[in-house]
Amino acid sequence: MIRFATIALAVLLLSSTADAQTFKVVRREDRSRVDVELDGRLFTSYRWDERIGRPVLFPIMSAGGNYLTRGFPIETRDNETINHPHQVGSSLVYGDVNGIDFWNTSAFRTPKELERMGRIVLKEIVSSKSGKGIGELVTRSHWVHPKGKSMLLETTRFTFYAKGSVRWIDRDTTLIAVNEDVVFGDNKEGFFALHLNVQLQQDDQFPVKITSAAGAISDRTVKDALSGRYFTSEGLQGNSLWGTSAKWAAVTGRIGTEDVTIAVFDSPGNPNFPARMMVRPYGLLALNPFGQRAFDAGNAQRKLTLKAGRSIAFRYRLFISPGNADAATIEKAYQAFSANNN
């Protein structure tokens with residue numbers, strides 16, 4: 001079963017405020033999406049586009065109305081990078097499930113490559129709730145082997161929060177091995193991930209191929225508009241944090257004229273806490289609870305076996321704050337998250 005945080009106090013605090021913002025969760029199954037609106041403006045959408053190969057939250061918007069996520073390849077905007085087309089929005093996905101790669105699946109793969117790649121397929125929207133300061137969406141999906149059999153049954157509860165200019169999204173996911181034992185191998189590709197707006201890349205990410213909204217490809221050879229600063233709870237920054245263990249990872253930077261901070265939090269109750277940082281300054285924030293030797297050949301290989309019929313649960317938070325928050329500010333927000341998640 002999903003491990004639910006104690007949210008009654010949060011609901012009380014948020015709903016008792018006279019100016020509490022209103023979430024409206026709008027189901028649009030005929031368009032393969034559920035839109036989450038905040039005071040009439042799009043905050044995020046839960047989407048299950050066949051081109052992506054998994055359900056995602058995409059796009060995710062800032063309080064200032066800017067895109068926090070890269071649009072390519074689904075809703076491409078000018079000057080976006082075209083690398084890693086399988087990394088879209090925010091998702092939970094892994095690169096080695098009984099040897100099957102769910103991470104790299106995309107419409108850009110060849111039929112031969114797709115023979116070893118799985119898909120995550122939405123089964124149903126279980127429920128949705130709108131409200132003051134809080135919204136909720138519960139979904140059920142299958143992790144499907146390339147030959148068509150279901151490997152995992154996923155149930156996920158998304159809880160959306162807003163307080164002033166701060167937003168956060170909690171993801172509670174339970175995976176059940178439905179037909180046979182499932183082994184999560186030692187792999188770097190995964191697990192709880194977010195691909196960011198290109199402007200939040202670190203300023204040494206060039207040369208690289210970029211595209212216009214119309215599809216014209218060119219080379220970017222300068223750092224103009226790249227503003228991301230990446231760091232973790234353990235004090236590491238930039239390129240040095242990849243593969244290290246930490247409670248959270250964050251990036252601060254500027255999108256247009258808006259300064260923003262985005263962080264991903266690992267719950268103390270999650271398997272193999274604290275997670276490894278599958279974090280790349282090209283715009284990827286990801287927490288990986290399974291990989292170990294994949295990040296450092298000096299480590300022992302690690303595998304996690306989920307017996308048939310058994311379940312495993314995960315809890316994560318995506319935290320979005322205006323301005324360039326420092327580590328102390330993010331740690332304070334993390335402590336509020338972790339207090340109910342041990």
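Reply: Happy to! Let's start with the whole chain. In this predicted model, 61% of the contacts between residues with a separation of 6 or more join residues 24 or more positions apart. The secondary structure comes to three helices and 22 strands. The radius of gyration is 19 Å, close to the 20 Å that the globule rule gives for 342 residues, so the protein is as compact as a globular protein of that length. Its C-alpha trace spans about 50 × 50 × 45 Å along the principal axes, and 56% of the 342 residues count as buried. The accessible surface comes to about 14000 Å², and carbon and sulfur atoms hold 50% of that.

Now for the close look: the second largest pocket. About 240 Å³ of space lies inside this pocket. Its lining is made up of 15 residues, and those nearest the centre are Asp-78, Asn-79, Asn-197, Val-198 and Gln-199. Sorted by class, the lining of this pocket has six nonpolar, five charged and four polar residues. How is such a space found? Rolling a probe the size of a water molecule over the atoms shows where empty space is left.

As a last stop, find Lys-223 in the loop between strand 15 (217-220) and strand 16 (229-232). With a relative accessible area of 45%, Lys-223 is partly exposed. Leaving out residues up to four places away in sequence, Lys-223 touches Asp-203 and Phe-206. Phe-102 lies 121 residues from Lys-223 along the chain, and 32 Å separates their C-alpha atoms.

Note on methods
Residues numbered from 1 in each chain as written. Predicted model: local features only at pLDDT ≥ 70, side-chain atom pairs only at ≥ 80, totals over all residues. Heavy atoms only, no water. 1 Å grid on protein atoms, 1.4 Å probe; cavity = no way out; pocket = protein on both sides within 12 Å on 5 of 7 lines; lining within 4 Å. Points joined across faces, edges and corners; volume = space filled by probe spheres on them. Nonpolar A, V, L, I, M, F, W, Y, C, P; charged D, E, K, R; others polar. Helix = DSSP H or I, 4+ residues; strand = E, 2+ residues; numbered from the N terminus. Rg over C-alpha atoms; globule rule 2.2 N^0.38 Å. Buried < 20%, exposed > 50% of the residue type's maximum accessible area, 1.4 Å probe, protein only. Contact = heavy atoms within 4.5 Å. Areas by Shrake-Rupley, 256 points an atom, 1.4 Å probe, with all protein chains shown as cover.
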